[in-house]
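Look at the chain as a whole before turning to its parts. The paragraphs below go from a sheet to a pair of helices and then to the domains.

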Amino acid sequence: MMNLIWLQSGGCGGCTMSLLSADVRDLFGMLKDAGINIVWHPGLSEQTGSEAIEVLEACASGDLPLDILCVEGSLLRGPNGTGRFHVLSGTGKPMIEWVRQLAEKAQYTIAVGTCATYGGVTAGGCNPTDACGMQYDGASRGGLLGVDYLSQSGLPVINIAGCPTHPGWVLETLLALAMDSFTQADLDELGRPRFYADHLVHHGCARNEYYEFKASAEKPSDQGCMMENMGCKGTQAHADCNIRPWNGGGSCTDGGYACIGCTEPGFEEPGHPFTQTPKIAGIPIGLPTDMPKAWFVALATLSKSATPKRVKENATSDHLVIVPGIRKTGVK
């Protein structure tokens, strides 16, 4: 069995709530069958008080093997690097010290959610708590554990980014570790598992026909593409949200809300309202990944000139005004 410790630091607990909503019949049974034993989780384990502290101390000393360390929430280094803004109750020791000690012993170290990976919402604004991620501070490597940190397996921190992170991403990572089939090659350049980070939220989006014709939504209830006016970053955000629906049936864009790029470092401070697309000379600043501006302008002009009436009118409506026509194709 692989022993797993899950700590919660400077965050809202949303990643745990997301995991509990995983689209599986028996979450804990699945983990147990995979050979993963949740030794302690602050919200799910029976041990509290002195019993919980004994478990953490045993792992920190090496008396109890620690295979997987999961940390949820950003690491609060303030004030002045002491970490005293967040002391683990009953220990008198800052959470950042517990994380450092346990990370030294762990075979694998996982940052669960964007707060733990890059700092996230907790690190936004003037960041009075000096919050950071496990091995990143925003998009810069370093964070709490430092640039050179490697777990006992030789891997850096595995960054399962997302706010909250998709339960499927957490489970698939844990199962891959249990099968000893996760390597450095499975991480992208920001430390995220490539099985989801090699995709874009744009992939599989139900609004892709509107995107193709640049038929754009103008207000929140519209059915059109939300990239041009509504702030959607689906063409830039690395995640498979529309390929792997949340809870088996939805995503932000399916629910009518623009993708805010929550898997990316710095998403919490875009410099503009989340639901507005900043533009220069009428051209959106956040263009699709890998597309030169000139190409986008040319494509958008051509696409808009060829937009079918059905797509154009439906784009700015909250329901289908014109349904697809029925045409005999001659196919037998």
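Two strands pair if DSSP finds at least two bridges between them, strands being DSSP runs of E with at least two residues and helices runs of H or I with at least four, both numbered from the N terminus. This is a predicted model, in which local features need pLDDT of at least 70, side-chain atom pairs count only at pLDDT 80 or more, and totals for chains, interfaces and linings use all residues. Residues are numbered from 1 along each chain as its sequence is written, and side-chain values use heavy atoms, without hydrogens and water.

Strand 1 (residues 2-8) pairs with strand 2 in the parallel sense over four bridges, and M2 stands opposite I36 in strand 2. Both belong to an open sheet of five strands with parallel pairing, in the order 2-1-3-7-11. Strand 2 (36-40) and strand 11 (158-160) each have a single partner strand, so one side of each has no neighbour in the sheet.

Helix 3 (residues 49-61) packs against helix 4 (residues 95-105) at an angle of about 50°, with the axes 8 Å apart. Axes are lines fitted to C-alpha atoms, for helices over the stretch in contact, and angles run from 0 to 180 degrees between N-to-C directions. The two helices are therefore oblique to each other; angles under 35 degrees count as roughly parallel, over 145 as roughly antiparallel, 65 to 115 as roughly perpendicular and the rest as oblique.

The domain assignment, which is automatic or from a database, gives domain 1 (2-198) and domain 2 (200-318). Their centres, taken over C-alpha atoms, are 32 Å apart.
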